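Take a look at it first, and then read on.

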Amino acid sequence: MGAGTMTLNQLEQYRDLSKEVKMLERRIADLESRPEAFVSDSVVGSSPCIPYQPHTITIKGYGNQYQDKINVLQVKYIARKQQLCKELEEIEAFIESLQDSRLRQIIEYRYVKGMPWNVVAKNVYGYPNGDAARKAVKRFFEKS
C-alpha cells in the first residue's frame, strides 16, 4: 500500500495544524466577547399611554464599523479553521487506512502525540531505539 497523496511533510504538520486550530478558536472566542465594540446610546421617548411621561430609553448594540471588522475577521478565521480541520481529517484518515499496525502506532505516537523517537520505539518495539521507528517511517514513504 502506497502513501497515496500523503507526504511525510504533511504528516509532520499534524501537531502544528492542531495548535493553529486551537489558536483560531481562541481568536474567534475573543472576537465574540469583545467589549470595545459595544456602544451604548440613549434616546428620549414617551410611554404610549397616559401620563405620556418622557423617559430615557437606552439602546445598546455594536458599532457598525467595529462589527463589520469583527464579522470579516470572524468569517476569515472560521474559514481557515474549517480548512485546517479538513487537513487534519485527511491525515487521520490516511493513518487509519495504513495496513501495518506497527506503522500506524509509530505514526500515531510520533506525529499525532509528538513523542520523541526513543519513546515511540519503546512503546512500539519494547526497546528505546528510535532509529528503528524512524527508518520504518522513512522506508514507507520512500516506497510509495
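What follows is a short tour, from the whole chain down to a few residues.

This is a predicted model, where local features need pLDDT of at least 70, side-chain atom pairs count only at pLDDT 80 or more, and totals for chains, interfaces and linings use all residues. Residues are numbered from 1 along each chain as its sequence is written, and side-chain values use heavy atoms, with hydrogens and water left out.

Let's start with the layout. The chain has 6 helices and 2 strands, and from the N terminus the order is α-α-β-β-α-α-α-α. Helices (H or I, at least four residues) and strands (E, at least two) are DSSP runs, numbered from the N terminus. Two of the helices come up again below:

| Helix | Residues | Residue of interest |
|---|---|---|
| α2 | 14-32 | Lys-22 |
| α3 | 64-97 | Gln-74 |

Of the chain's 144 residues, 26% are buried, meaning under 20% relative accessible area with a 1.4 Å probe, protein chains only. The exposed surface comes to about 9800 Å², with carbon and sulfur atoms supplying 52% of it; such areas come from the Shrake-Rupley method.

How does the chain touch itself? A contact means heavy atoms within 4.5 Å. Among contacts with a separation of 6 or more, 54% join residues 24 or more positions apart.

Gln-74 counts as buried because its relative accessibility is 16%. Leaving out residues up to four places away in sequence, Gln-74 touches Ile-28, Leu-31 and Glu-32.

Conventions: Buried means under 20% relative accessible area, exposed over 50%, partly exposed in between (1.4 Å probe, protein chains only). Accessible areas come from the Shrake-Rupley method with a 1.4 Å probe; for residues, only the protein chains shown count as cover.
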